[in-house]
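Open the model in your viewer and keep the selection tool at hand. We will take a few stops, one after another.

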Amino acid sequence: MTRLTITRPDDWHLHLRDGDEMRSVLAHTTQRFARAIVMPNLSPPIVSVEAAHSYKKRILAACSKGARFEPLMTLYLTDNTKPEEIKKAKESGAIYGVKYYPAGATTNSDLGVTDINKCAAVFSAMEKLRMPLLLHGEVSDPDVDIFDRERIFIDRILMPLLQQFPELRIVLEHITTKEAVHFVKASGKHVGATITAHHLLLNRNAILAGGIKPHHYCLPILKREEHRLALIEAVSSGNPKFFLGTDSAPHAKEHKESACGCAGIYTAHAAIELYTEAFSAANALDRLDAFASVHGPLFYELPRNQETITLVQESWEVPKDYAFGASKLIPLRTGGKMSWKLI
Ligand code: NCD
Ligand code: ZN
């Protein structure tokens, strides 16, 4: 097959940042996706409905003329989030999820939740109002090996949480392990998961073999090949619990290429093309439309997009870098070749 037409996709997990940095990256997403769940981990984070409204306005103002793009906003859960804010969020019609970061787990998560038990009243309101909880599913306990943090989160935090709030709608974001695939499959219809293109394409050798590659460092960290294969199996199975979420997370080059580089991989410049590569390599191109454009709206109870996009099997070269505010960012596959092109 040299030409592939699919329903215009949505990105169910995206970091857009703010200001000039957002203006640098936004078009990559709006050229490809109709909607995106926009992560609230700005500095300071988006903790109120008002802040989410004004962030949404800034995003829409930054969209180029003629772009048809709807940012789906989220709130950042803290120890101090009140059930009233959840009610307000639901009533606003503009907030589609509440994001849980364990304090200290990843970029801009310092104000995240220190003890999940502090959030019981909020979870109870979310369960009642059918407001999805979007989980960064890793423990941040320094005693836990970084490669085990997702698996341990499922056992220690997620299982008890679902026992306490059996109807709570949950998206386990950017899953990376066979244990997470298994957990999501075994859970009820109200538990889904996003999967990134980079976790479908790369294993941990991409960070550590042949020299350290800071641009392949993200959280949850890339895992062993057996886990990548479990993710490939999950997306090629056609199971509607798994849907597209890039977790494209731009950082300035100098913050990545550092003695203590920050976490995040930038994929928005070629997001759907990268997924297409992964599905093509798995002989599962016939499942791409469902994963990228059908399962997400199904979970979020939103209509499917009406438009389509077309990709052709044609080689193109990824630029070495892109502007990022006053700095630059290094995209995934920097200076390398892509095999699918969006037309
Ligand atoms: C994200 C970021 O940079 O905001 N980084 C990442 O490695 N994925 C935060 C996150 O989703 O963990
Ligand atoms: Zn993320």
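Where does ligand 1 sit? Select ligand 1 and look around it: its place is the largest cavity. Keep in mind that this is a predicted model.

**Stop 1: the shell**

Now select what lies around the ligand. Ligand 1 is surrounded by 15 residues. Then colour the shell by residue class. You will find 9 polar residues, 4 nonpolar ones and 2 charged ones.

**Stop 2: polar contacts**

Stay with the oxygen atoms of ligand 1. Pick His-136 next. An N or O atom of its side chain is 3.3 Å from a ligand oxygen. Move on to Ala-263. Here a polar backbone atom lies 3.1 Å from an oxygen of ligand 1. Then click Gly-264. Its backbone also supplies an N or O atom, 3.1 Å from a ligand oxygen. How much of the accessible area of ligand 1 does the protein cover? On its own the ligand has 310 Å², and the protein covers 100% of that.

**Stop 3: backbone geometry**

Zoom out to the loops. Most peptide bonds are trans, and most residues other than glycine have a negative phi.

- Select Ser-43 and Pro-44. The peptide bond between them is cis, with omega near 0°. Pro-44 belongs to the loop between β3 (35-38) and α2 (49-62).
- Select Leu-219 and Pro-220. They are joined by a cis peptide bond, omega about -5°. Look for Pro-220 in the loop between α8 (205-208) and α9 (225-236).

**Stop 4: confidence**

Finish by colouring the chain by pLDDT. The chain average is 97, and 100% of the residues score at least 70. Which element has the lowest mean pLDDT? Select helix α5 (residues 149-164): its mean is 97. Then select helix α7 (residues 197-201), which has the highest mean, 99.

Definitions and conventions: Residues are numbered from 1 along each chain as its sequence is written. Chains are lettered from A and ligands numbered from 1 in the order in which they are written. This is a predicted model: local features need pLDDT of at least 70, side-chain atom pairs count only at pLDDT 80 or more; totals for chains, interfaces and linings use all residues. Side-chain values use heavy atoms; hydrogens and water are left out. A residue is near a molecule or strand if one of its heavy atoms lies within 4 Å of it. A polar contact is a pair of N or O atoms within 3.5 Å; within protein, one must be able to donate a hydrogen and the other to accept it, and residues adjacent in sequence count only if both atoms are side-chain atoms. Accessible areas come from the Shrake-Rupley method with a 1.4 Å probe; for residues, only the protein chains shown count as cover. On a 1 Å grid over the protein atoms alone, a cavity is a set of points where a 1.4 Å probe fits but cannot get out, and a pocket is an open set with protein on both sides within 12 Å along at least five of seven lines; lining residues have an atom within 4 Å of a point. A molecule sits in a cavity or pocket if more than half of its atoms lie within 2 Å of its grid points. Ala, Val, Leu, Ile, Met, Phe, Trp, Tyr, Cys and Pro count as nonpolar, Asp, Glu, Lys and Arg as charged, and the others, Gly among them, as polar. pLDDT is the predictor's confidence in each residue, from 0 to 100. Helices (H or I, at least four residues) and strands (E, at least two) are DSSP runs, numbered from the N terminus.
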